[in-house]
There are 2 protein chains.
Amino acid sequence: MAVRLKDIAQELGVSVVTVSKVLRGNSDIGDATRKRVLKRMKELNYRPNMLARGLANGRTYTVGLVVPDLVHPFFAECAKALGGVLRNSNRALILASSEDDPEIEKQEIRALISRGVDVLIIASCQSDLRSFRQLGDEVTPCILFDRNFPHLKAHFVGSDDTRVGELATEHLIKIGRKRIAHIGAKDTSPALDRLRGYRNALEKHDLASPSKYVVIRDRLEETGDLIGFEAMQQLLQLKSVPDAVFCYNDLTAVGATDAILQAGLRVPEDIALIGCGNFRYAKYLRVPLSSIDHGTAELGRITGELALDLSEKRERKPKSILVPPTLVARHSTVGDAARPKTKK
Amino acid sequence: MAVRLKDIAQELGVSVVTVSKVLRGNSDIGDATRKRVLKRMKELNYRPNMLARGLANGRTYTVGLVVPDLVHPFFAECAKALGGVLRNSNRALILASSEDDPEIEKQEIRALISRGVDVLIIASCQSDLRSFRQLGDEVTPCILFDRNFPHLKAHFVGSDDTRVGELATEHLIKIGRKRIAHIGAKDTSPALDRLRGYRNALEKHDLASPSKYVVIRDRLEETGDLIGFEAMQQLLQLKSVPDAVFCYNDLTAVGATDAILQAGLRVPEDIALIGCGNFRYAKYLRVPLSSIDHGTAELGRITGELALDLSEKRERKPKSILVPPTLVARHSTVGDAARPKTKK
DNA sequence: CTGAAAGCGCTAACAG
DNA sequence: CTGTTAGCGCTTTCAG
């Protein structure tokens, strides 16, 4: 195996403990010894064995993250920002993807706990609180991320999804649309909250929201384009076709765009479209997409900092952080008016 | 802390070793005892402490992956496929992002080795072989991924990038283009190989490749759109403007598209464009993008399997696996001809 | 300022 | 079939 503390200690004729103390910058070591030890460590390219350290002191300097889908731009971006924060504090990120399957998620959580992560961060796809409860171990601190369980008193970092729904819908109202539909997702807190926001906004402006205008679908994260396409086709069948749609996420909006164009209609002249996430390619699409930006990288950063906090001081009462969303208007709602204002 | 083997052993009046053996499915345990033990494990929701196990037997059932950028669709997709393979064999994936910075990469590799990963997978951004050599520990098996160091005898899994360059360029030639440019990247093996493939194809068809037609840029992975935009503008300045461009990756091609349209020219009528990576949104772009698909998920899968192999039997001579690329033609090269053939 | 002793939770090797 | 003995590499008392 690699170089161990023992090796260095023997070579230098000191004890393992002394070397260990130097390693961790403990102050009660003579200056001469300290220098000798440090020098030898460099030379031998010593790397502490984190397993042993973890076993000995109960901490692993490790954070586990479980997301439904790594390829999803939102989660990828968050994971990246999170990783950056952790790296600066010498923590490693262990990543697990649940493929949006509650069973896999459960398995992954078990695995992460087995590995002794100091903090667990989860964007859960469990549909009910009860199943979620059984997953933890009551000792590893846990941060709910993006998806909340309202009645669970746990740490949460996510966007203000009710506000997301309001912002999107109000924008559509502001550009004069009256028949506003929503293609939404199932069960998760962002889905429910965005729907609520959508309803809030309509109500506030005395607009109708016939139940046919709300289309709820599954698996919008991975195959949103296909589902959005199909859901939009359904909306196009209605006797009174909507003149605007608030889509659960950008990918869904992309699919919806396709359906509209394929039906020979125009975006936004006939139907305006807004998504959510403001993903990297939104401005390069066939129809540059208006979207609600929920500060993705920011979310990752904040989550990372909370994780660090939790791994230091275990107390801390449940804390809920909501990042406020912002509107980015592009062609899919405001048409050519987008050009001068938002670049491209 | 959590439930330990010892707890179960004491409760049941057997030894720790017995319980440990049951845990690992060791065959030399009586049926009655086994059942009792298993039952109690379930009840207590026992989770083995992987740190302790790793320390005791020298393996951690963990694989480390270092990529330049997690948000890049290529790496995200690969990481996902890789994670899937590992999960099925009860391995965890520890992910690190180097932000395309050789120093960070070095630091991350050290950290992963400290954590005792069984296998290390690296898409390295070191520009020279020498700096790379010093990173490893000569004992953790290592797989080079996507980016190779030709003269290093190590395991490699990646696409056949020379073929990528040939395929792209030959496609442009086949649709009748004569003045074919290339926007390429720096230093890494895919960059050099794709450039080589580009040159091979031109040479084979007796086409000129003036040096001004090759624009090499940095950081094409993260900000490819901006760089592609700027590089394309430079190509548009030439007295003899190219009639086709093979772009290093899709993001770069997206930026180039923008530059061309903004200059009042058409894609593909005036300038045809092909990218590489065939990313998820290629078909939804303003100009649906032709691209070379290098079997992203496949790459992840293969890498995962090789990693499993390596973590079992350490011998194994360096193995180099090249995945053959395929062409996906869309509007950006073949114009409306794309419609009937490739959907959308 | 330095070090000896004990132990983290688990497994490998060998005895009975 | 079951258990004893040792030890993985490091940290934590606590005594010198």
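In which sense do strands β10 and β12 of chain A pair, and over how many bridges? In this predicted model, strand β10 (residues 290-293) of chain A pairs with β12(A) in the antiparallel sense over 3 bridges, where pairing requires that DSSP finds at least two bridges between two strands. Residues are numbered from 1 along each chain as its sequence is written, and chains are lettered from A in the order in which they are written. Local features need pLDDT of at least 70.

**Sheet in chain A**
- An open sheet with mixed pairing has the strand order β7-β6-β8-β9-β10-β12 in chain A, strands being DSSP runs of E with at least two residues and helices runs of H or I with at least four, numbered from the N terminus.
- Its edge strands, each pairing on one side only, are β7 (214-216) and β12 (326-328) of chain A.
- The twist from one strand to the next averages 20 degrees, with axes being lines fitted to C-alpha atoms, for helices over the stretch in contact, and angles running from 0 to 180 degrees between N-to-C directions.

**Sheet in chain B**
- In chain B, 6 strands form an open sheet of mixed pairing in the order β7-β6-β8-β9-β10-β12.
- Strands β6 (residues 180-184) and β8 (residues 244-247) of chain B run parallel and are joined by 4 bridges, with B:Ala244 in β8(B) as the bridge partner of B:Ile180.

Definitions and conventions:
Predicted model: local features only at pLDDT ≥ 70, side-chain atom pairs only at ≥ 80, totals over all residues. Heavy atoms only, no water.
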